[in-house]
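The stops below concern aromatic rings and what surrounds them.

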Amino acid sequence: MKRPYNILLWPALCVLLLMQGCLKEDLADCPPGITVRLYHDAVAGSAATDHATLFVFDENGLFVDVYENRAAAFGNDEYTMTLPLEKGKYAFAGFRGMYGCYSVVPAQFVKGVTTFSEAVFRLNCAADNTVRESPHCLFSGLLATAEVTGRSGHFDVYMERNTNIINLRTEGLEPSSDNYTLSISDNNSHYGFGNDFASCPTLDYIAGCEKDGQGQLSASLTVMRLAANRHPVFTVYNDSRQRNLYQADLMELIMRIPGINLTARHEFDILLLFDVNMDVTVQINGWTVLEEENEL
């Protein structure tokens with residue numbers, strides 16, 4: 001009876017034949033191995049796996065390809081992918097969390113046709129430009145120039161966080177059966193692939209307020225990126241009486257926090273302290289940023 005070893009050796013021989021080109025000294029037949037690391041600052045409670053996306057453009061700004069992993073292991077808030085790129089100059093636009101409530105424009109990128117300048121990513125919203133469900137955390141980053149000079153190389157793409165969390169609480173509000181809504185209005189749903197603000201309509205981020213046993217309000221909203229010299233409107237609205245309880249320029253308040261760094265700080269706890277005259281003191285992250293008389 002013949003031994004089965006010959007049968008077992010055939011697959012191994014086939015693999016060796018396929019690899020023969022990669023064993024040559026000049027490595028001419030080997031696919032390139034360019035690695036790109038997507039990384040960002042640590043975020044408490046972030047998922048171990050997430051959707052990683054990398055768009056590649058050539059030196060003329062033309063779309064080359066897109067690489068995705070919908071279950072990327074973001075250990076230590078970083079993920080590395082290997083790309084089969086030839087020698088040349090490229091731009092890398094990386095994302096973590098680009099799915100679901102987020103999308104890119106155009107919907108279909110065409111190799112050699114779609115340009116970097118026309119590429120946009122955005123938060124999807126309802127037809128009436130409202131957002132009533134909090135978007136998940138999104139990170140984006142751009143490495144504008146990456147030159148591949150050989151068959152291997154490594155590049156890093158740092159990604160900024162594109163979402164902020166706004167938490168509201170009140171103290172001293174007279175208990176009542178009135179219903180309240182927290183809203184933030186801003187035109188910050190669209191961005192170029194360089195993470196610059198793009199033209200878009202004003203959105204209303206909306207969340208109903210809950211009450212505790214003392215009739216005090218609480219609510220939370222996740223909004224897209226906040227930035228200095230912009231003017232999102234923060235409103236606590238009394239739905240029952242159809243009037244504002246409080247309204248202010250959100251960034252004007254936030255920028256009063258001593259030493260505020262919007263790149264490092266993405267969550268803001270806002271406390272509205274009402275006195276018996278309904279005058280209000282505003283605290284953000286423990287800092288008193290405003291004391292004013294309520295004109296209502």
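Which residues do ring pairs link into a cluster? Select Phe55, Phe57, Phe63, Phe95, Phe109, Phe116, Phe121, Tyr191, Phe193 and Phe197: ring pairs connect these into a cluster. Keep in mind that the model is predicted.

Next, centre on Phe95, a member of that cluster. Phe95 is placed in strand β5. Its relative accessibility is 1%, so Phe95 counts as buried. Setting aside neighbours within four places in sequence, display its contacts: Leu38, His51, Ala52, Thr53, Phe55, Phe121, Phe139, Ser140, Met159 and Phe193. For one of these, Leu38, draw a distance between C-alpha atoms: Phe95 and Leu38 are separated by 7.8 Å, though 57 residues apart along the chain.

Stay with the cluster and select Phe197. Arg230 lies over the face of this ring, at 3.8 Å from the ring centre. For another arginine over a ring, go to Tyr39: the charged end of Arg37 sits over the Tyr39 ring, 4.1 Å from its centre.

Now turn to individual ring pairs. A search of the whole structure finds 20 aromatic pairs. One of them joins Phe74 and Tyr79, a tilted pair with 5.8 Å centre to centre and 40° between the planes. Both Phe74 and Tyr79 are buried.

Last, select Phe92 and Phe155. Their ring centres are 5.7 Å apart and their planes meet at 65°, so this pair is edge-to-face. The pair links distant parts of the chain, with Phe92 in strand β5 (residues 88-96) and Phe155 in strand β10 (residues 152-158), 63 residues apart. Phe92 and Phe155 are both buried.

Key:
Residues are numbered from 1 along each chain as its sequence is written. This is a predicted model: local features need pLDDT of at least 70, side-chain atom pairs count only at pLDDT 80 or more; totals for chains, interfaces and linings use all residues. Side-chain values use heavy atoms; hydrogens and water are left out. Rings of Phe, Tyr and Trp (its six-membered ring) pair if their centres lie within 6.5 Å; planes under 30 degrees apart count as stacked, over 60 as edge-to-face and the rest as tilted. Buried means under 20% relative accessible area, exposed over 50%, partly exposed in between (1.4 Å probe, protein chains only). Helices (H or I, at least four residues) and strands (E, at least two) are DSSP runs, numbered from the N terminus. A charge sits over a ring if NZ of Lys or CZ of Arg is within 6 Å of the ring centre and within 35 degrees of the ring normal. Contact means heavy atoms within 4.5 Å.
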